Amino acid sequence: MQDTKRRDFLGMALGGVAAVGAVASLYAMKRSWDPLPSVVSAGFTTFDLSALQEGVLQTVEWRGKPVYILKKLPNSKKTQGRDFELNGALYTVGIQICTHLGCIPSFNQGTQEFACACHGGRFDSSGVNEAGTPPPRPMDIPPFKIDGTKMVLGEEGQEYKALLEAKNA
């Protein structure tokens, strides 16, 4: 057996402590890159569409943003790239934030329109901006998936992808 000197022992001990410190640092860095559990759980919001009444706006919160869901009136026309059908009814969904300056437009149930009180922005019931008003584009559509009569916000489903394709066509 080899005779280990004190200096060799101290060198090996220092190397071992440095290796453990490096592994601990890498573990801590990896943990800091992972999303917080509260963020992961806030990623999906589920809403039951069967409870909606025609022409009545329902607002839910998704990732801290107000999202409107509207079951349109039977005489409403379908807006390509904005509305989807489910069990014969027409629905629309969008993030209820004005694309002009980020205000939250109110919904007028009588006229079936959104109006932004800050600068006079107007959107139709599908969230499409009215020409000649300040908003530069329609309200954004959050990713969603339809699972039976439930809508899952935060997950891309075939209905969402179809809306994107129709909007880009």
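Predicted model: local features only at pLDDT ≥ 70, side-chain atom pairs only at ≥ 80, totals over all residues.
1. Start with Glu130. Glu130 is partly exposed, because its relative accessible area is 32%. The scale runs as follows: buried is under 20% relative accessible area, exposed is over 50%, and partly exposed lies in between (1.4 Å probe, protein chains only). Residues are numbered from 1 along each chain as its sequence is written, and side-chain values use heavy atoms, with hydrogens and water left out.

2. What does Glu130 pair with? The side chain of Glu130 meets that of Arg122 in a salt bridge, at 3.9 Å from N to O. A salt bridge here is a side-chain nitrogen of Lys or Arg within 4 Å of a carboxyl oxygen of Asp or Glu. Arg122 also bridges to Glu113, with the closest N and O atoms 2.6 Å apart. Arg122 is partly exposed, at 30% relative accessibility.

3. Look next at Lys145 and Glu155. Their side chains form a salt bridge (3.4 Å, N to O). Lys145 lies in strand β9 and Glu155 in the loop between β10 and α3, so the pair ties together parts 10 residues apart in sequence. Helices (H or I, at least four residues) and strands (E, at least two) are DSSP runs, numbered from the N terminus. The count of salt bridges comes to 7.

4. Now the inside. A nonpolar core is a set of buried Ala, Val, Leu, Ile, Met, Phe, Trp, Tyr and Cys residues joined through side-chain atoms within 4.5 Å. The largest core has 20 residues; Leu49, Ile69, Phe84, Val93, Phe144, Met151 and Leu153 touch the most other members. Strand β5 gives the largest share, 4 residues. A second, separate core of 10 residues includes Tyr68, Cys98, Cys103 and Met139.

5. The record lists residues 9-29 as "transmembrane region". In the model, that span is 100% helix and 0% strand, with its end C-alpha atoms 30 Å apart. The record also gives "domain: Rieske" for residues 97-153. That stretch is 0% helix and 30% strand, and its end C-alpha atoms are 16 Å apart. UniProt positions follow the numbering used here, feature names are shortened, and annotations may be inferred rather than shown by experiment.

6. Finally, Trp33. Trp33 is found in helix α1 (residues 6-33). Is Trp33 buried or exposed? Trp33 counts as exposed, because its relative accessibility is 65%.
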